[in-house]
Amino acid sequence: MTTWNDELNRLSLEGMRRSLLTIENGQGPEVEIDGQLKLLLCSNNYLGLADHPALVAASIVATRQYGVGSGASRLVSGTLRPHQEFEERLAAFKGTQSALLFNSGYAANTGVLQGLFGPNDLIFSDSLNHASIIDGCKLSKARVLVYPHNDMDCLEALMHQERSTRKGRWVIVTDGVFSMDGDFAVLPKLCELKERFEALLMVDDAHGTGAWGDKGRGLGEHFGCLDKIDLHMGTLGKALGCSGAYLAADRDIIDVLINRSRSFIFSTSLPPSVPASAISAIELVEGSEGHKLRQKLHQNRKVFTKCLIDGGIDILGSPSQIVPIITGEPKPTMLITQRLFQKGIFLQGIRPPTVPAGKCRLRATLMASHLPDELIKAAQQILTVVREVLG
Ligand SMILES: *Cc1c(COP(=O)(O)O)cnc(C)c1O
C-alpha cells in the first residue's frame, strides 16, 4: 500500500503539489509574505471592501452588541437580528421576495441543489460550472445533463430531446461570470430557454454581484434580465469583501430550504458581525461609492488586459475582472508563478482538477484598489517571464 508520503512525492514530481502561503497584512494591493511585499494579483476582493472602514466599523459594532459567536444553527437559536436584517436587505437588493444566508458559497450551492431537487428532477449544468455546483448536483440525486460550456444550441437540443419524457422539475444552473475563464453566461438566451421549456434558472453570481450591473446587482442587472432569474445564488466573500453566501428567491423556495437544506440546517450560523458588515457592503455597492469603485475596477481591467493581449498572451477573450493567462502544463505554470513571485508579483497558477488538463493558467484578478501604472508594469513582467519559460 502506498503511504501518504508517497502520494505527496508523486504530486511534487508532477508539479501538482499544493501548499499554503501566509499573508501578514490584509487583502490590499500589496501583501507581505515572508517579510517581503508583493503585488497581489489573485484576490477576489474586487472592490477593495475587505478592509473598508465602513465594513470594519459595522463588524465591530455588531461584535460589541452580539458577541463573537452565534451560538447555534439558524433553526435552533442562531438567528440573530443581523442575520434576519441581512436577508431582508439582500432580497431588496436582488428584487426577490426573500433570501437566505448560507455560511459559504460552497455550502449554498450544495445546500440549494440538494434541498430543492431530487431523483425525479433534471438539472442542466454548464461543463465549466464551479465545483460546488457539481457537488450540489451529486448531492441532489437528480439526473444531471452537462452541456458544453456556453453552448446554447446544444442545451436547446438537449431540452428539446428530453421534453417528451419529462417527469419532475427542470433547472438550468450556471456560473454568471465563470470563475476560471472569466467569461459570461449567455443570460439572455438562458432566460429565453428557461421560459420556453418551463424550467427554473439558477445563476451563481459569485463574481458578478458587486462588480457588474449599474447598481452592482450582478450579471443579471448587466444583461437587463435580473427579474427572470429564479434562483439568485451569490457570495459575500468576493466583491462584497465579507464571507458567506446567499440564495435570493421566492418566499416558498426559501421556506423549503429552511426545512430541507442540510448545509443550512446542520451548521452553526455565521458570526453576527458577518451579516452586519455585509449589510454595510450592500449599501456601499448600491451607492455612488460603489459606482466609482466599479469604474476603477473596469478601468484597471482594460489597462491590464490590453497590455497582455498586445504582448500576444491568450486570455481566452475574457471580458471580466478575471483574466486567465493560459500556460498549458503544470510544471511550466508553476515555474512562471515562482519567477513572478521572486519579482514581487503574487499570482497563483491554477492546475487540474480546478481547470481541464492542458489548460493550466495563471488566473489574474483585478481590484479597484490597484493603480493602473503598477498593473502595466506587472503585465510587462508577466510577458517577460512567460516568454522566458514558454519560449
Ligand atoms: C468562490 C465561488 C464559490 C464558493 O464560494 P465560497 O464562499 O468561497 O465558498 C461558488 N461559486 C463560484 C462560481 C465561486 O467562484
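Biologist: Which residues of β10 are buried on one side, and which on the other?

Modeller: First, some conventions. The model is predicted, so to speak of local features one needs pLDDT of at least 70, and side-chain atom pairs count only at pLDDT 80 or more, while totals for chains, interfaces and linings use all residues. Residues are numbered from 1 along each chain as its sequence is written, and side-chain values use heavy atoms, with hydrogens and water left out. In a regular strand the side chains alternate between the two faces of the sheet. In β10, Ile322, Pro324, Ile326 and Gly328 are buried on one side, and Val323, Ile325 and Thr327 on the other. Buried means under 20% relative accessible area, exposed over 50%, and partly exposed in between, with a 1.4 Å probe and protein chains only. Helices (H or I, at least four residues) and strands (E, at least two) are DSSP runs, numbered from the N terminus.

Biologist: How many residues of strand β10 are buried, and which strand is joined to β10 by bridges?

Modeller: 7 of the 7 residues of β10 (residues 322–328) are buried, so the strand is largely enclosed by the rest of the structure. Two strands pair if DSSP finds at least two bridges between them. Here, 6 bridges join β10 to strand β13 (residues 360–365), and the two run antiparallel. Within this pair, Gly328 stands opposite Cys360 in β13.

Biologist: Where does Gln321 lie, and what does its side chain contact?

Modeller: Gln321 lies in the loop between α12 (288–310) and β10. Its relative accessible area is 0%, so Gln321 is buried. A polar contact is a pair of N or O atoms within 3.5 Å; within protein, one must be able to donate a hydrogen and the other to accept it, and residues adjacent in sequence count only if both atoms are side-chain atoms. The side chain of Gln321 makes such a contact with the side chain of Trp212, at 2.9 Å. A polar atom of the Gln321 side chain also lies 2.9 Å from the backbone oxygen of His207.

Biologist: Which residues are closest to the ligand?

Modeller: A residue is near a molecule if one of its heavy atoms lies within 4 Å of it. The ligand is surrounded by 13 residues, the closest being Gly105, Tyr106, Asp204, His207 and Lys238. Helix α4 (residues 105–116) gives the most to this shell, with 3 residues. By class, the shell has 2 nonpolar, 8 polar and 3 charged residues. In this scheme Ala, Val, Leu, Ile, Met, Phe, Trp, Tyr, Cys and Pro count as nonpolar, Asp, Glu, Lys and Arg as charged, and the others, Gly among them, as polar.

Biologist: Which atoms of Gly105, Tyr106 and Lys238 lie by the oxygen atoms of the ligand?

Modeller: For Gly105, a backbone N or O atom lies 2.7 Å from an oxygen atom of the ligand. A polar backbone atom of Tyr106 is 2.9 Å from a ligand oxygen. In Lys238, an N or O atom of the side chain is 2.7 Å from an oxygen atom of the ligand. The protein covers 80% of the 380 Å² of accessible area that the ligand has on its own; such areas come from the Shrake-Rupley method with a 1.4 Å probe, and for residues only the protein chains shown count as cover.

Biologist: How many disulfides does the structure hold?

Modeller: A disulfide is a covalent bond between the sulfur atoms of two cysteines. The criterion is a pair of cysteine sulfur atoms within 2.5 Å, and the structure holds 0 disulfides. The sulfur of Cys191 is 3.8 Å from the closest cysteine sulfur, in Cys225, which is too far for a bond. Cys191 counts as buried because its relative accessibility is 3%. For Cys154, the closest cysteine sulfur is in Cys137, 16 Å away, again too far for a bond. Cys154 has 26% relative accessibility and therefore counts as partly exposed.

Biologist: In what order do the 3 strands of the open sheet lie?

Modeller: The order is β1-β2-β11, with mixed pairing. The edge strands, each pairing on one side only, are β1 (30–33) and β11 (345–346). Over 4 bridges, β1 and strand β2 (residues 36–40) pair in the antiparallel sense. The loop between β1 and β2 contains Asp34, whose phi is near 50°, a positive value in a residue other than glycine. Asp34 counts as exposed because its relative accessibility is 65%.
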